[in-house]
Amino acid sequence: MKPADTGRDAESAACRFLLSQGFRLLTRNFRSRHGEIDLIMDDAGQLVFVEVRYRRGTAFGTGAESVDRRKQSRITACAQHYLQQHPEAAQLPCRFDVVALTGTRENSDIQWIRDAFPALG
C-alpha cells in the first residue's frame, strides 16, 4: 500500500471517529500556501481544525508527539487562511485537535487530544 493510501485511510478513520462523537464535517484536506489541514469540523458550534497522524508503531514516538511546534505553526497559518476565506467561520470559537492512530489498518488505537495546542503566530 502506498503512503498516500495509508494517510487517506487514517484520515477516514479519524473522521468516522469524530463523526461518532457528534462532530459535523465541514472540509477535508484544506490546502493553502502554508500547508494542509486534514479535517475541519464543527463541534457544537466550535470550529475544530484537526491534524491526523498515523504511526504503525511507537518506536520513534507517537503520532501525537510528531506534531511539533513547527507543524503547529503551519497548521495555525493554514487555519488563518481558511478563516480569511470563510468570514462566517471566523465568528466561531475555534480550537486545534490532534487525532493519532497507532497500529495496523485493521486494528488501530485512536488517541484524541482536544485543544492539543494554542494558535501560534
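This is a predicted model: local features need pLDDT of at least 70, side-chain atom pairs count only at pLDDT 80 or more; totals for chains, interfaces and linings use all residues.
Lys71 and Glu51 form a salt bridge, with their closest N and O atoms 3.7 Å apart. By salt bridge I mean a side-chain nitrogen of Lys or Arg within 4 Å of a carboxyl oxygen of Asp or Glu. This pair links distant parts of the chain, since Lys71 is in helix 2 (residues 69–85) and Glu51 is in strand 3 (residues 46–55), 20 residues apart. Helices (H or I, at least four residues) and strands (E, at least two) are DSSP runs, numbered from the N terminus.

Residues are numbered from 1 along each chain as its sequence is written, and side-chain values use heavy atoms, with hydrogens and water left out.

Let me stay with Glu51. The side chain of Glu51 also meets that of Arg53 in a salt bridge, at 3.0 Å from N to O. Is Glu51 buried or exposed? Glu51 is buried, with a relative accessible area of 4%. Here buried means under 20% relative accessible area, exposed over 50%, and partly exposed in between, with a 1.4 Å probe and protein chains only.

I turn now to another pair. Arg28 and Glu11 meet through their side chains in a salt bridge of 4.0 Å, N to O. Arg28 belongs to strand 1 (residues 24–32) and Glu11 to helix 1 (residues 3–20), so the pair ties together parts that are 17 residues apart in sequence. Arg28 is partly exposed, at 31% relative accessible area, whereas Glu11 is buried, at 10%.

In total, the rule gives 8 salt bridges.
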